[in-house]
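Me: I've got a model open and want to go through its salt bridges with you. Mind if I ask how the labels come about?

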Amino acid sequence: MTKATETLVPDHASAHQDHHHGAPKGIMRWLLTTNHKDIGTLYLWFAFIMFLVGGAMAMVIRAELFQPGLQIVDPNFFNQMTTVHGLIMVFGAVMPAFTGLANWLIPMMIGAPDMALPRMNNWSFWILPFAFAILLGSLFVEGGGPAFGWTFYAPLSTTYSSDSTALFVFSVHIMGISSIMGAINVIVTIFNMRAPGMSWMKMPLFVWTWLITAFLLIAVMPVLAGAVTMVLTDKFFGTSFFDAAGGGDPVMFQHIFWFFGHPEVYIMILPAFGIISQIVPTFARKPLFGYASMVYATASIALLSFIVWAHHMFTTGMPVFAEMFFMFATMLISVPTGVKVFNWVATMWRGAMTFEIPMLFALAFIVLFTIGGLSGLMLAITPVDFQYHDTYFVVAHFHYVLVTGAVFSIMAAVYYWLPKWTGKMFNITLAKWHFWCSLISVNVLFFPMHFVGLAGMPRRIPDYSLQFADYNQWISIGGFAFGLSQLIFLTLVIKACKKQGEPVSDRVWEGAQGLEWEIPSPAPYHTFETPPVVK
Amino acid sequence: MQQEYQRYYVPAQSPWPIVGAVALFLIAVGAAYTVIDNSNGEQGFGSRVLGLGILTLLVMLFGWFKNQIDESMSGLYSDQLGRSYRQGMSWFIFSEVMFFAAFFGALFYARMISVPWLGGASNNAMTNEVLWPSFNAIWPLLSTPGGTTTQQMQATGLPTFNTIILLISSVTLHFAHVGLEQGKRKQLTIMLGVTILLGLGFLTLQVEEYIHAYHELGLTLQSGVYGNTFFMLTGFHGMHVTLGTLLLIVLFFRVLKGHFTPHNHFAFQAGSWYWHFVDVVWVMLFLFVYVL
């Protein structure tokens with residue numbers, strides 16, 4: 001295009017009146033918005049609500065498992081709870097929370113006026129509540145909701161599932177469309193909207209990790225769409241992709257699913273790495289140790305994630321060569337992950353450390369995520385996995401990386417940037433209560449799962465042998481305590497949204513670096529309409 | 001970058017995304033209940049909700065694109081915004097590639113692993129011996145372990161003809177694009193029109209091929225994993241050709257109205273990329289589903 005575009009055409013200036021002023025008022029602001037900050041807020045609130053809903057389902061699971069025997073819910077409903085808990089936490093809580101943070105932060109971090117495709121941004125958010133309405137609604141239809149685990153293995157999801165599987169399939173399609181559009185927006189924003197001087201290797205790590213995450217999302221969400229489509233046709237249209245009688249194979253389902261599923265778990269942890277890499281330097285008052293190696297490590301983890309999927313399937317009877325390949329490829333991932341952990345530690349080494357709330361969560365992340373990573377390394381060893389497979393050891397592993405990993409990083413991020421969003425410091429007393437209650441209860445909740453798992457307690461079963469009873473009571477008590485602790489967080493966030501608290505400076509945290517700390521607190525409705533020049 | 005920064009156009013509030021969200025909701029619920037009703041042999045509300053959803057989606061697409069075209073025609077866009085759209089479209093096509101990859105993956109897995117293993121390959125001698133001792137692993141799988149039989153779709157005849165049609169359509173579309181860039185509007189109109197006709201011709205022959213498969217070969221969606229992969233791959237490809245043809249028809253009418261300039265024609269570029277992508281998928285399909 002030519003110079004006709006160098007300023008806005010006057011006729012259209014009226015369409016932009018809100019562009020130069022504050023936010024519009026009322027419900028329509030949220031339904032029709034194209035503002036990255038509004039959409040970020042919507043994503044974050046949606047994720048929080050889903051976190052509480054999925055958490056309530058976890059409470060049902062822990063109540064049933066408080067004692068051996070069947071007491072509270074019937075086994076079919078128990079299975080629905082484990083399934084929908086998993087789906088909600090993965091697709092409804094963790095992923096939207098990261099997308100919300102990306103929306104709020106990436107434009108402010110790279111000096112862009114908004115996301116690259118603002119209307120599509122609105123669409124990718126608003127289809128999500130509808131998708132989860134369908135998923136949650138399917139719990140109430142005849143025959144019950146999905147009860148085959150969040151991994152929906154065939155033939156559980158085909159031959160043995162209820163009619164509501166069709167609702168599950170189409171709701172997953174919508175979630176996928178949402179993720180793909182969100183990821184396209186993030187990638188295009190980062191490629192095309194950086195302020196002059198914001199070169200690739202000057203980008204904050206949160207931006208880098210999200211760029212790579214977005215690539216993973218676009219690469220694997222369509223594969224998930226393919227998997228659910230084949231489940232749909234196998235169940236309703238007589239195909240036999242996952243049925244040996246027609247020449248297919250149920251194990252093929254697992255290959256396709258985990259080709260999506262393994263990159264998916266990195267989708268849920270790479271942005272967390274980015275968040276921790278922003279927070280640790282601030283409170284250690286030192287630049288991040290090994291910035292370039294962090295970027296390369298993130299890219300390596302992403303590439304390796306495509307060639308490790310079958311470590312979820314060691315017990316399916318693959319040829320030994322395949323088992324060896326996937327074992328070694330998986331263990332290779334601990335190298336770039338180790339680079340990251342050591343870089344964070346080296347950043348703190350001889351730093352002028354202070355321990356504000358975001359830093360407490362970041363430190364808890366580093367220690368507890370590493371525990372989760374190490375149990376992952378144990379699971380990667382094929383012969384050992386034969387014993388651990390489908391036990392509570394696996395449950396312990398992925399809850400350490402996802403709850404004390406991904407969820408703790410999201411909480412760290414909220415505490416870190418919330419004052420920038422609202423202009424007010426959150427209630428520090430409540431925040432401390434939230435941190436310590438969560439930290440203690442989460443370990444009471446998940447650590448004993450390692451023990452019962454090693455002793456052979458299977459996952460996704462509503463009943464268990466008597467010898468696991470003591471630990472399960474502890475686990476359930478930890479679970480209820482962790483659930484209640486999040487209500488402290490809810491109170492704190494509501495107070496913050498009502499703009500209660502002390503006003504903060506633009507920089508908020510003494511050692512904070514980056515463009516988002518150069519703009520006023522609270523961040524104005526529109527920022528960087530003319531890009532800053534980054535030196 | 002330019003010396004003087006062109007402001008990036010951030011649109012004001014828009015009603016279309018939320019309409020689109022409602023549309024997807026109706027389509028999902030409607031499609032799910034259509035499928036459920038179908039399998040139970042009942043007549044339910046599913047198809048009506050689905051229809052309403054598709055209608056809402058069409059209204060949304062019409063409104064959104066009209067909005068977009070008006071903005072483009074009034075010169076609101078900058079080079080930077082054009083790059084956003086082009087990059088967005090390329091990543092969308094990449095996501096489509098991965099969607100087809102899932103089904104090609106299923107085809108390769110069935111062909112290279114699950115069918116040979118059922119026939120006793122690798123260390124699966126006992127699988128064959130115990131489950132289906134009379135099963136012979138031959139691709140294409142015309143006789144399944146469960147006993148369903150069918151016939152093979154030959155690569156010669158219609159499929160070859162269709163391949164030639166699609167390849168030519170890619171060339172004609174390219175010449176339409178060249179015409180647009182060189183300001184030769186007549187070449188643009190004719191070549192785009194020819195591309196659309198070729199697309200429609202492909203679809204017609206595809207329907208004929210399906211009829212032939214169902215009625216003469218007994219090759220159906222239910223004929224084991226050969227029929228499954230055949231119909232899912234060619235079916236999703238056919239859906240994409242349909243969508244691509246519709247896109248080209250919309251572009252054709254815009255060309256007649258005098259839209260697009262040699263430098264500003266993102267929509268045309270996007271439609272053309274999409275068409276070429278659909279073509280490449282067909283070449284892969286022809287190779288792996290029909291020929292090999």
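Me: Does Arg459(A) count as buried or exposed, and what makes it so?

Reply: This is a predicted model, so keep in mind that the values are computed from it. Arg459(A) has 15% relative accessibility; buried means under 20%, so Arg459(A) counts as buried.

Me: What is Asp390(A) called, then, and why?

Reply: Its relative accessible area is 36%. That lies between the 20% and 50% cut-offs, so Asp390(A) is partly exposed.

Me: Why is the contact of Asp390(A) and Arg459(A) called a salt bridge?

Reply: The N to O distance is 3.5 Å, and the rule asks for a side-chain nitrogen of Lys or Arg within 4 Å of a carboxyl oxygen of Asp or Glu, so the pair qualifies. Asp390(A) sits in the loop between helices H14 and H15, Arg459(A) in the loop between H16 and H17, 69 residues apart.

Me: What makes Arg285(A) and Glu510(A) a salt bridge?

Reply: Their closest N and O atoms are 2.5 Å apart. The limit is 4 Å, so this one passes too. Arg285(A) is in the loop between H9 and H10 and Glu510(A) in the segment after H17, so the pair ties together parts 225 residues apart in sequence.

Definitions and conventions. Residues are numbered from 1 along each chain as its sequence is written. Chains are lettered from A and ligands numbered from 1 in the order in which they are written. This is a predicted model: local features need pLDDT of at least 70, side-chain atom pairs count only at pLDDT 80 or more; totals for chains, interfaces and linings use all residues. Side-chain values use heavy atoms; hydrogens and water are left out. Helices (H or I, at least four residues) and strands (E, at least two) are DSSP runs, numbered from the N terminus. Buried means under 20% relative accessible area, exposed over 50%, partly exposed in between (1.4 Å probe, protein chains only).
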